[in-house]
Amino acid sequence: MGIYESLGVTPIINGTGTFTRLGGTLMPPEVVEAMAQASRQFVAIEDLQYRAGQAIAGMVGAEAAYITSGCYAAVVLSVAACITGGDPARMDRLPRTEGMKHEVILLASQRNSYDHAIEVAGGLIVEAGHADGATTDDVAAAITPQTAAVVFWPDWPGTTLTIADIVAVARPRGVPVVVDAAGRLGVPERLKAYVAQKPDLACFSGGKHIRGPQVSGFVCGRADLISAIAWQHLDMDFTPAVSVSPRALLNVEQMPFVPRQGIGRGFKAGKEEIVGLVTALQLFIQRDQSAERARCERAIGDVIAGLAGNPFARAEAVPGDGYSQVRVVLNEAALEMSAYEFCLELKRGAPPIHPSERELENGALVFNPFSLVAGDAQTIARRISEIVARARPG
């Protein structure tokens with residue numbers, strides 16, 4: 001009996017991709033072993049964070065970097081750092097921001113459920129442009145003396161502006177740019193390309209395409225802002241007079257006082273996650289991405305082949321972000337079953353299969369091949385065929 005079965009939990013086939021609610025990703029054995037090794041000794045977390053940050057910065061071409069418990073945490077901490085800078089009095093006040101610059105600009109077309117991270121840090125969202133798009137002039141017009149940052153999602157559907165475009169507007173006006181690139185590494189080349197466009201801070205998920213620990217992420221960029229993040233994230237229960245923290249990260253002598261436990265304290269990253277993420281990122285950069293894409297294409301082909309000739313569930317390859325996906329169009333009328341009902345049948349079956357739910361209203365199931373393992377594609381095709389056969393006996 002496996003560990004999940006011992007808890008009464010049934011493992012699933014993940015056809016959605018790197019979604020957090022289904023566990024994000026599967027870590028390579030090297031990452032698991034690195035985390036196991038990290039669990040056997042104690043270290044000073046601030047020293048580990050600094051050294052890990054140096055390693056990551058070197059890998060991606062940034063000035064500095066820092067590990068968090070996911071990309072959402074990285075965005076919260078990045079916005080907090082832009083609001084407070086290195087001022088411990090301001091750090092202690094968050095999320096109350098009266099008297100501080102706290103407006104954070106977003107493109108109106110990029111409003112989404114994750115922008116709540118800005119408000120968690122005490123930011124007030126100000127929209128630039130309109131729901132159908134924005135120009136650099138729109139961004140410039142939204143900047144006021146109260147603007148603390150611009151937060152931008154690169155390669156967002158319908159967005160033509162780039163990171164470099166936003167930086168060109170914001171930097172001359174003294175406004176830092178924060179990039180949220182959590183789900184954008186299906187095209188691996190974007191990692192270094194985004195950093196090369198010189199946003200003040202760029203946030204990434206470690207538990208998606210990088211295949212690191214699910215509760216990991218990192219932020220890279222300006223060293224002074226990374227330091228402000230560390231002050232609001234690390235355990236502040238220490239005595240400054242005997243601190244041996246790396247001064248490049250936590251310069252105790254320059255602080256008038258040590259801030260209390262910061263707004264990011266609940267987003268702590270453990271030594272195992274820090275080591276696991278560094279290892280996963282090394283592997284990600286070294287990985288043969290063409291082989292990864294080929295693996296995904298084979299899985300797509302297996303689903304399509306398994307449903308070939310099925311008049312009630314037609315499978316086709318459709319474009320995705322970095323690699324194709326499989327779209328299965330259901331004949332709902334002939335099956336006398338909606339896509340929603342079909343999806344529930346898949347989820348409740350053995351093994352449970354979770355497709356993307358974003359096209360159910362269009363009568364279709366979509367499967368992302370990235371998280372499929374050997375045999376999953378054939379199982380998906382078989383289970384769909386079985387449900388069709390039950391709905392259309394004979």
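User: Thanks. How much space lies in the largest pocket, and which lining residues are closest to its centre?

Analyst: Bear in mind that this is a predicted model. The largest pocket holds about 1300 Å³ of space. It is lined by 42 residues, and those closest to the centre are Phe-19, Gly-183, Arg-184, Lys-208 and Arg-358.

User: Which helix gives the most to that lining, and how many of the lining residues are charged?

Analyst: Helix H4, covering residues 71–84, gives the most to the lining of the largest pocket, with three residues. By class, that lining has 16 nonpolar and 18 polar residues, and the charged ones number eight.

User: What about the second largest pocket: what is its volume, and which residues are closest to its centre?

Analyst: Its volume comes to about 410 Å³. The lining has eight nonpolar, six polar and one charged residues. Of the 15 residues lining this pocket, the closest to the centre are Tyr-4, Ile-12, Asn-14, Leu-22 and Leu-26.

User: On to the cores. Which members of the largest nonpolar core touch the most other members?

Analyst: In soluble globular proteins, nonpolar side chains tend to be buried together. Here the largest nonpolar core has 47 residues. The members touching the most others are Ile-67, Phe-204, Phe-218, Cys-220 and Leu-281.

User: And what does Phe-204 touch, leaving out residues up to four places away in sequence?

Analyst: Two of its contacts, Phe-218 and Cys-220, are also on that list of core members touching the most others.

Technical notes:
Residues numbered from 1 in each chain as written. Predicted model: local features only at pLDDT ≥ 70, side-chain atom pairs only at ≥ 80, totals over all residues. Heavy atoms only, no water. Core = buried A, V, L, I, M, F, W, Y, C linked by side-chain atoms within 4.5 Å. Buried < 20%, exposed > 50% of the residue type's maximum accessible area, 1.4 Å probe, protein only. Contact = heavy atoms within 4.5 Å. 1 Å grid on protein atoms, 1.4 Å probe; cavity = no way out; pocket = protein on both sides within 12 Å on 5 of 7 lines; lining within 4 Å. Points joined across faces, edges and corners; volume = space filled by probe spheres on them. Helix = DSSP H or I, 4+ residues; strand = E, 2+ residues; numbered from the N terminus. Nonpolar A, V, L, I, M, F, W, Y, C, P; charged D, E, K, R; others polar.
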